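Here are a few exercises to work through with the model open beside you. Try each task before reading its solution.

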Amino acid sequence: MLPNAYDEMLLPDGSHRAHYRGYGAWLQAQAPDRIARRRAEADSLFHRVGITFAVYGEDEGAERLIPFDVVPRILPADEWQLLEAGLRQRVRALNAFLTDVYHEQAILRAGIIPAELILCNTQYRPEMQGIDVPGGIYAHIAGIDVVRADDGQFHVLEDNLRVPSGVSYMLENRKMMMRLFPELFARHSVAPVEHYPDVLLENLRSVAPVGVADPTVALLTPGAHNSAYFEHAFLAQQMGIELVEGQDLFVRDDSVYMRTTRGPRRLDVIYRRIDDDFLDPLAFQPDSMLGVAGLLSVYRAGRVTIANAIGTGIADDKSIYPYVPEMIGFYLGEAPLLANVPTYVLRRPDDLAYTLAHLEALVVKEVHGAGGYGMLIGPAATRAELDAFRERILANPAGYIAQPTLALSTCPTFVAAGLAPRHIDLRPYVLSGREITIVPGGLTRVALRSGSLVVNSSQGGGTKDTWVLEA
Amino acid sequence: MLSRTADHLFWMSRQIERAESLARILDAHYRHALLPHTADVVARDWRATLSSLGVFDAYRARHPTFSPATAFRFLAFDRNHGGSIVSCLWAARENARAVRGTITSEMWETLNATWLEIRGYEPEASDGAIGDFLEWVRYRAHLSRGVTLGTMLRDEAFRFTRIGTFLEGADATARMLLARARSGQMPADEPAGPDAYVWTLLLRSLSAFEVYRRVYRDAVTPWRVTELLVLREDLPRSLHRCASEIYSNLCAVANDQSAETERRAGELQSAFRFGRLEHLLAPGLADFLGGFLAQVGDLGDRIAQDFLVPVTPH
């Protein structure tokens, strides 16, 4: 464990923080074998329900559970209010930035962000230039990764504005906790999250093309072999919308249709869980089997809404991340409520020199990377790994950013040896449509290996139920 | 609903039904094998069972000789043979997984649990274990049927699962009867002498023995067994029942291009509803069943064409 990490449950003197007192007393009163039985029950339920994910690079069809920890991550009402306000502000600014980048580009002309950082970025989609999207919303669903540092303050680690995943675990974890320990919910007033699918559907319907009275929404998935397929099927079912693959859709007369048993049916809003590159073989990757030929032209004509919009990757690119606090000032005239993590931008010679001199103390990330792939954690790396990464950085400094190794906060977690602190983060889901909605809490991810800071499920992370206590 | 979804539902229910039918066929086989037989008869019986399933050549391509253990493993546990029980349950589960948003969570959990259980399961070749296994397959099929009937909205999705179930059921009953038919002959309307036992076994493996007793209150004759399995509309697995279900469910999902398929399904049902057994069987039982299997195959193809193959844009 990193020294000085903030413990979400315990004060330095070992007593419980106020919002954990009720839970702490309950936990102490539990027989250890009851908890053990419940943990085993949770595992077998997750398997039976098939809440599994595929891991890239493993055998085709390999399915694993994301480990679920039964100790909840609890947030008191006042902390959540602060977080929520900060998240709303940040996502408003990010949507304003996307509108600007694909229209006037005022922020580039004002010299706040270097133009080449946008215009030469592979995440910038020239096809979107000058296209109006309903309500000026690009990032309809945003997953903002937030961590608490040793000073107890929240920092935004990453904005996920393309196809953020994990919300199904937020919902299933809550369902599981209520099933395993119903008495806990009688003792605490935990803000509900179960209505997320309703809010999401309403949000998607609110951004339908202008003039469509009763919009038809579908979720576009890459298919059953995608690592997040469970979530796609789950959300489609919960919202009562069709789960479609590219082969189920076609374009005719400037509209997108689903192939149904009763003939073609028009589609108005596509909640896509496919990256931009694969959406339309005519416009992007020509060999994509996942997308729909001609989709982009229908989209550009304003005859279908795609959520999230094409081209949102420019706003969550790690090379743009350092500028988000300035965006908030530029577009909203406000001071940021949530801070960034201090970031070294390696295209700047000073930052590069500092980073190379302190590599063993820093976390280095590829600017286009995601999911914990392609990143260096200095303190955990071997000499050889550091040297190899140094070469990669020197070959293309602009491709990387670096951040100090944050002492992420910890939360007690059941591991083989019993209850022990493990590092956690938080991904709240921010929905933007006619208005902004955030279901209280989000997904708490936990790094299960002792001392590890990597919470990604693809890298052995687990999850916890997240409680926001009502005031 | 999406054509692809309908396709998955159709095949999901066919595969469950097929797994159950295989268990019934193997069950009939093993009950028969309990009679005293020479090795020749045992081999002949396996050949008859494999042929009636249409997998005789596939078996021979893999195994040069017959042994009861090899044949059983081939039909029950061979993951490389698409027609084995384990492959059917896998395919049913994969189809369900592709449409888990359309079926109820209870259905998905039932099919998934079936798969999780069979995955690590291979009974030893002792007859007791095989019997337990076959009973387990039938039990899981009962559960799947129960959860479908008990939880699913009676919408288009439900209709397509029913069409799949009864097309497969019609196919299975016809094949089981076919295994008992002698080429060019009518089934006899008198107790079948030394052969009587196979007809009783056929009834038992279709869960129809007690029904037979209740309906006829008389000795088992091949003619009456045939009549029961072909013409009785109130017997769940009879050809008449299956044809009626196919027709009525097809009518409920009819679209612009399905009129001819409906007509053919209706024609098939009418033959059972208004036909006499002696007319139906005029060409001999084997030829009649061969013709019926061809009609069922044709309906399956036409349904795929009308509903399941994605409509082409132009």
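**Exercise 1. A salt bridge inside chain A**

Task: decide whether A:Asp145 is buried or exposed, then find its salt-bridge partner.

Solution. Start with accessibility: A:Asp145 has 3% relative accessibility, so it counts as buried (buried means under 20% relative accessible area, exposed over 50%, partly exposed in between, with a 1.4 Å probe and protein chains only). Before going on, a word on the ground rules: this is a predicted model, where local features need pLDDT of at least 70 and side-chain atom pairs count only at pLDDT 80 or more, while totals for chains, interfaces and linings use all residues. Residues are numbered from 1 along each chain as its sequence is written, chains are lettered from A and ligands numbered from 1 in the order in which they are written, and side-chain values use heavy atoms, with hydrogens and water left out.

Next, the partner: A:Asp145 forms a salt bridge with A:Arg445, with 3.3 Å between the closest N and O atoms. (A salt bridge is a side-chain nitrogen of Lys or Arg within 4 Å of a carboxyl oxygen of Asp or Glu.) Then place both ends: A:Asp145 sits in strand β4 (residues 141–148) of chain A and A:Arg445 in strand β22 of chain A, so the pair ties together parts 300 residues apart in sequence. (Helices, H or I and at least four residues, and strands, E and at least two, are DSSP runs numbered from the N terminus.) Last, check the arginine: A:Arg445 is at 12% relative accessibility and counts as buried.

**Exercise 2. What surrounds A:Thr221?**

Task: work out where A:Thr221 sits and what its side chain reaches.

Solution. Locate A:Thr221 in the loop between β6 (217–220) and α9 (229–239) of chain A. With a relative accessible area of 1%, A:Thr221 is buried.

**Exercise 3. Rings around B:Phe72**

Task: classify the ring pairs that B:Tyr30 and B:Phe133 make with B:Phe72.

Solution. Begin with the count, which comes to 30 aromatic pairs over all chains. (Rings of Phe, Tyr and Trp, its six-membered ring, pair if their centres lie within 6.5 Å; planes under 30 degrees apart count as stacked, over 60 as edge-to-face and the rest as tilted.) For B:Tyr30 and B:Phe72, the centres are 5.8 Å apart and the planes at 80°, so call the pair edge-to-face. B:Tyr30 is in helix α1 of chain B and B:Phe72 in helix α4 (residues 68–76) of chain B, so this pair ties together parts 42 residues apart in sequence. Both B:Tyr30 and B:Phe72 are buried.

Now B:Phe72 with B:Phe133: centres 6.4 Å apart and planes at 90°, so again edge-to-face. Here B:Phe133 lies in helix α7 (residues 127–151) of chain B, 61 residues from B:Phe72. Both B:Phe72 and B:Phe133 are buried.

**Exercise 4. Where the chains meet**

Task: describe how chain B touches chain A.

Solution. Count residues: 32 of chain B are in contact with 25 of chain A. Then look for charge pairs: there are 3 salt bridges between chain B and chain A, and B:Arg4 meets A:Asp248 in a salt bridge through their side chains (2.6 Å, N to O).

Note on methods
Contact = heavy atoms within 4.5 Å. Polar contact = N/O pair within 3.5 Å; in protein donor to acceptor, adjacent residues only side chain to side chain.
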